[in-house]
Amino acid sequence: WSPLDLVPAAREAWAVLGDHTLYDELRQTATATYYEDLTALTDAISAAEPVPDVVALPIHGHLHDTPDHDATDGPESDSETTGHGSPVDAAHAVLEHTLVTLQTFLADDRLAGTRLLVLTHHAVAVTGNDPIDLATAPVWGLVRSAQTEHPGRIHLIDHDHHPDSVTALASAAATAHHHDEPHTALRSGTPHTPRLTPQTHQQNQPRAWNPDGTVLITGGLSGIGALLAHHLATTHHIRHLHLVGRRGHHTPGADTLIHDLTTAGAHVTITATDITDPNAVHQLITSIPHDHPLTAVIHAAATTHDTPLQTLTPDHLHPVLAPKIDGAHHLHHHTTHHNLAAFILFSSISGLLGGAAQANYAAANTFHDALAHHRHTTGLPATSLAWGLWAHTSTLTTNLSQIDRKRLARLGLHPLATAHALALFDAVVFGPAGGPPVLVPARLNTATETPPPLLRRLISPRRPAVRATRGAQAAGQDTSLAARLAGLAPDQRNHALLDLVRTEVATVLTHPNPTAIPTDRPLIELGLDSL
Ligand SMILES: NC(=O)c1ccc[n+]([C@@H]2O[C@H](COP(=O)([O-])OP(=O)(O)OC[C@H]3O[C@@H](n4cnc5c(N)ncnc54)[C@H](OP(=O)(O)O)[C@@H]3O)[C@@H](O)[C@H]2O)c1
C-alpha cells in the first residue's frame with residue numbers, strides 16, 4: 001500500500017445512506033443529504049429531489065475479536081463459527097445486502113452519472129498488524145467484480161475511523177476519482193493504494209513437514225487439489241494424506257488417484273465430508289489419529305456459479321461463498337489447538353482483481369485472504385495463495401470460453417503450467433518462513449495494454465493513446481469525446497464515432513483489424529457477451 005497525495009475535494013453533492021454519524025461528520029466538509037437507504041434516495045429523486053454526484057454506502061460489519069484461544073474443540077463451541085455474532089453469518093448477510101444495493105444502484109438510469117462510494121471499516125489490512133474485519137473483508141471481492149463489470153461507477157474506500165480520515169473523506173474520494181484508483185484505504189487521513197510487488201525467492205534452509213503427520217486436503221480428490229496430493233506424495237514423500245470432498249470415493253478418477261498415491265508410498269484416507277457443515281468438520285478433525293497428527297491443512301474446496309452481477313441472485317451467491325467462507329472458518333476454528341506447520345488456503349487472484357461475472361467467487365476468495373491475515377495477527381500459521389489461472393483444466397475452469405481467456409490475458413494473466421505452479425507452491429510453502437500471509441502465484445503477461453491498477457508496478461501500461469489523453473488533460477485541454485466531435489464537420493462525426501466503437505470492439509475481441517468489424521450485425525453475434 002503506497003500513500004497518495006490528496007487532491008482538493010470537488011464541489012459535489014453527496015447522499016449518505018443509513019449512517020447518521022457519517023452524515024454529521026461529512027457535512028463539515030461536503031454538501032451532504034441523509035437518506036435511510038438507496039430506496040429512500042430513489043424515491044426522493046422520483047419526487048424531484050436532485051440526483052447526487054456521489055452516494056456514500058457505509059458497510060457495517062463488526063471487528064470480530066473472537067478469542068480463538070478460548071475456542072474448544074467441541075461442537076458446542078460452534079456458536080463461534082455459525083449463529084449470532086459469527087463472522088461467517090455476518091459475512092453472508094453483509095454480502096447479500098451489498099449485492100442488492102449495487103444491483104439497485106446500477107439498474108437505475110437516473111444514477112448513471114453518479115458515483116457510488118462503498119465505505120468499509122478495516123475490511124483490508126494496510127500493515128501487517130492492522131486488525132481485519134472478517135465479516136466485511138469479502139465485500140472488497142464482490143465490489144471489485146462490480147467495478148470490473150461497470151468501470152468508473154464505483155469506488156471502494158476503507159477507513160480507520162481516525163478523525164483525520166473522516167475529515168479527509170471527501171478529498172480522498174476526489175483523489176481516487178482523479179487518479180482512476182478504484183481502491184483506497186484511508187489511514188490517519190492519508191489515502192493508500194494497493195499494488196502487488198514481486199516476492200523474491202530466498203535461498204535459506206528449506207522447511208519440511210513432519211513425515212509422520214497427516215496432511216488434510218479439502219477438494220483433494222479432483223482438479224488442482226488432486227495434482228497437489230500427487231505432488232506431495234511423490235516429491236515431498238508425504239506418507240499420510242487425508243483427502244476430502246462431498247462425493248468422497250464416488251468422485252470421478254478417485255480410484256486412479258488412490259492407486260497412484262499408494263504406489264508412491266502414501267497411506268490415503270478419503271472421506272465424503274461437506275466442509276460447510278461445522279459438525280462434519282469437527283468430526284473430520286477429531287477422526288485424525290493421534291499417532292499421525294494433523295500437520296498441515298490445505299483448503300482447496302470450491303464451487304462456482306458465474307454470472308454477471310446484475311443477474312446474480314442470493315441462490316447463487318451463498319452456495320459459492322459457503323465452501324470458502326464457512327469451510328475455511330470451520331477449519332480455522334477446529335484446528336486452533338493443533339500444532340500445524342501450515343494452514344494453506346487456495347484463493348484466487350479474481351478476489352484481488354475482481355473477476356468479471358464472478359462477484360460471488362471473488363468475495364469468497366477475499367475471505368480466504370482476510371482469514372490468512374487474521375491468523376497471522378494472532379500468531380497462527382497461514383498462507384492464502386491467490387492463484388492465477390492454471391493451464392490444467394478443472395471442473396471450475398472447464399467452462400471458461402476463449403473470450404474469457406482472452407479477457408484474462410488482456411488483464412495481464414497467462415495460464416500457469418502445472419510444473420510451474422507446483423514449483424511456486426514449493427517456493428512458498430517449503431521455502432523460508434516469515435513470508436506475507438497473502439501471496440499471488442500467477443504468470444503475468446507483461447505485454448498487456450491495460451493492466452489493472454493492482455498490477456501497475458509489475459506491468460507498465462502500454463497505451464500511448466491513453467497516456468496522450470491524460471497528458472492533454474493535465475495541460476487543461478478538454479479531451480472528452482463530445483469536445484472532439486464538436487471540433488469535426490457534421491459529416492465526419494459519424495465516421496469518428498464508428499471508428500471509436502469499432503476500435504473498442506476490436507480490442508475486446510482481440511480482432512486485428514477494426515475496419516473489418518461489420519456495422520450491420522448485433523455485437524452479441526460478433527462474440528461480445530453482456531460483459
Ligand atoms: N483451477 C484454477 O485455475 C484455479 C485458479 C485460482 C484458484 N483456484 C482455486 O483452487 C482450488 C481448486 O480448484 P479446482 O480448479 O481444482 O476446482 P475443482 O476441480 O472444481 O475442485 C474443487 C473441489 O472442491 C470440492 N468441494 C466443493 N465443495 C465442497 C464442499 N462443500 N465440501 C467439500 N468439498 C467440496 C469438490 O468436490 P465435491 O464436488 O465432491 O465436493 C472438488 O473436488 C479452489 O479453491 C479454487 O478457487 C483454482
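The model described here is a predicted one, in which local features need pLDDT of at least 70 and side-chain atom pairs count only at pLDDT 80 or more, although totals for chains, interfaces and linings use all residues. Residues are numbered from 1 along each chain as its sequence is written, and side-chain values rest on heavy atoms, with hydrogens and water left out.

Asn445 sits in the loop that runs between strand 17 (443–444) and helix 14 (464–474), where helices (H or I, at least four residues) and strands (E, at least two) are DSSP runs numbered from the N terminus. A polar atom of the Asn445 side chain is placed 3.1 Å from the backbone oxygen of Ala409. Polar contacts of this kind are pairs of N or O atoms within 3.5 Å; within protein, one atom must be able to donate a hydrogen and the other to accept it, and residues adjacent in sequence count only if both atoms are side-chain atoms.

## The ligand shell

The side chain of Ser222 has an N or O atom 2.7 Å from an oxygen atom of the ligand. On the side of ligand nitrogen, a polar side-chain atom of Asp274 lies 2.9 Å from a nitrogen atom of the ligand, and a polar backbone atom of Ile275 is likewise 2.9 Å from a ligand nitrogen atom. On its own the ligand has 880 Å² of accessible area, and the protein covers 96% of this; such areas come from the Shrake-Rupley method with a 1.4 Å probe, and for residues only the protein chains shown count as cover.

## Salt bridges

Side chains of opposite charge can pair when their charged atoms come close. A search of the whole structure finds six salt bridges, each being a side-chain nitrogen of Lys or Arg within 4 Å of a carboxyl oxygen of Asp or Glu. One of them joins Glu12 to Arg115, with the closest N and O atoms 2.9 Å apart. This pair links distant parts of the chain, 103 residues apart, since Glu12 lies in the loop between strand 1 (2–3) and strand 2 (13–17) and Arg115 in strand 5 (residues 115–121). Both partners are buried, Glu12 with a relative accessible area of 17% and Arg115 with 8%.

Arg187 and Asp158 meet in another salt bridge, at 2.8 Å from N to O. Because Arg187 belongs to strand 7 and Asp158 to strand 6 (residues 154–159), the pair ties together parts that are 29 residues apart in sequence. Arg187 is buried at 10% relative accessible area, and Asp158 is buried at 0% relative accessibility. The side chains of Arg195 and Glu181 also form a salt bridge, with an N to O distance of 2.5 Å. Arg195 is in the loop between strand 8 (190–193) and strand 9 (214–218) and Glu181 in the loop between helix 5 and strand 7, so this pair ties together parts 14 residues apart in sequence. Arg195 counts as buried at 19% relative accessibility, and Glu181 is buried at 6%. Salt bridges with shared partners join Asp130, Asp158 and Arg187 into one network.

## A nonpolar surface patch

Leu481, Leu497, Leu500 and Val501 form a nonpolar patch on the surface, with about 270 Å² of accessible area together. Patches are made of residues with over 30% relative accessible area and no salt bridge, like charges being joined within 9 Å and nonpolar side chains (Val, Leu, Ile, Met, Phe, Trp, Tyr) within 5 Å. Helix 16 (residues 490–508) supplies the largest share of the patch, three residues, while Leu481 is found in helix 15 (residues 481–486). Leu481 counts as partly exposed, at 32% relative accessibility.

Methods. Buried < 20%, exposed > 50% of the residue type's maximum accessible area, 1.4 Å probe, protein only.
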